[in-house]
Amino acid sequence: MCLLVSFTAFSQTITSAKSGNWTDDSTWLGGTAPASGNDVVIAHNVTCNSVKTANSLTINAGVTLTVGTSGNLTITNAVTDNGNIIVTGAENTSGSFIAKAATGITNLSVKIFVPRSDGSTPDNWKLVGIPVNGETVGDIDDNLATNGS
């Protein structure tokens with residue numbers, strides 16, 4: 001007797017129930033924060049302040065996903081961006097949003113910290129790069145100044 005078993009794995013969809021932190025179970029319908037294999041729907045303002053991965057991400061219109069300075073959010077598959085994505089930075093740290101297979105992200109904002117020496121004129125700079133699928137970065141510039149010099 002031969003027994004063949006076949007199954008198809010489906011990702012569970014986890015939707016926000018209220019505004020809150022990604023890791024807080026009460027933020028999500030069903031009372032469980034998303035796991036790495038889940039499809040995530042942001043229906044309220046949600047902040048990610050830790051290292052998290054999701055299968056896919058949908059951000060509904062009128063709401064914001066914020067990746068805080070200690071956040072690192074990776075989306076393995078599709079990102080549907082109908083709302084806003086904000087990635088924040090501070091003096092010595094920055095959040096990270098990696099969308100491995102996303103197309104059409106139109107509402108991505110990066111908030112960076114640029115220190116001022118005299119309180120009025122920025123004298124330092126930050127390099128912000130947008131990676132492109134299939135591209136590699138070896139050396140940007142042999143004469144690239146670092147740390148404001």
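This is a predicted model: local features need pLDDT of at least 70, side-chain atom pairs count only at pLDDT 80 or more; totals for chains, interfaces and linings use all residues.
Local features need pLDDT of at least 70 and side-chain atom pairs count only at pLDDT 80 or more, while totals for chains, interfaces and linings use all residues. Residues are numbered from 1 along each chain as its sequence is written, and side-chain values use heavy atoms, with hydrogens and water left out.

Strand β3 covers residues 39–42. Helices (H or I, at least four residues) and strands (E, at least two) are DSSP runs, numbered from the N terminus. D39 and V41 point one way from β3, and V40 and I42 point the other way. All four residues are buried. Buried denotes under 20% relative accessible area, exposed over 50%, and partly exposed the range in between (1.4 Å probe, protein chains only).

Strand β3 pairs with β1 (residues 13–15) in the parallel sense, over 3 bridges. Pairing requires at least two bridges found by DSSP between two strands. Within this pair, T15 has V41 as its bridge partner. Strand β3 also runs parallel to β6 (residues 56–59), joined by 4 bridges. Here V41 stands opposite T58.

Between β5 and β8 (residues 72–75), 4 bridges are found. T53 stands opposite T74 of β8.

T47 belongs to strand β4 (residues 46–48). T47 is partly exposed, at a relative accessible area of 26%. S19 is 28 residues from T47 in sequence, yet their C-alpha atoms are 8.3 Å apart. Leaving aside residues up to four places away in sequence, T47 touches G20, N21, W22 and T66. Contact is defined as heavy atoms within 4.5 Å.

The largest nonpolar core holds 20 residues. Such a core is a set of buried Ala, Val, Leu, Ile, Met, Phe, Trp, Tyr and Cys residues joined through side-chain atoms within 4.5 Å. W22, W28, I42, L57, L65, L73 and F97 touch the most other members. Two or more residues come from each of β3, β4, β6, β7 (64–67), β8 and β10 (84–88).
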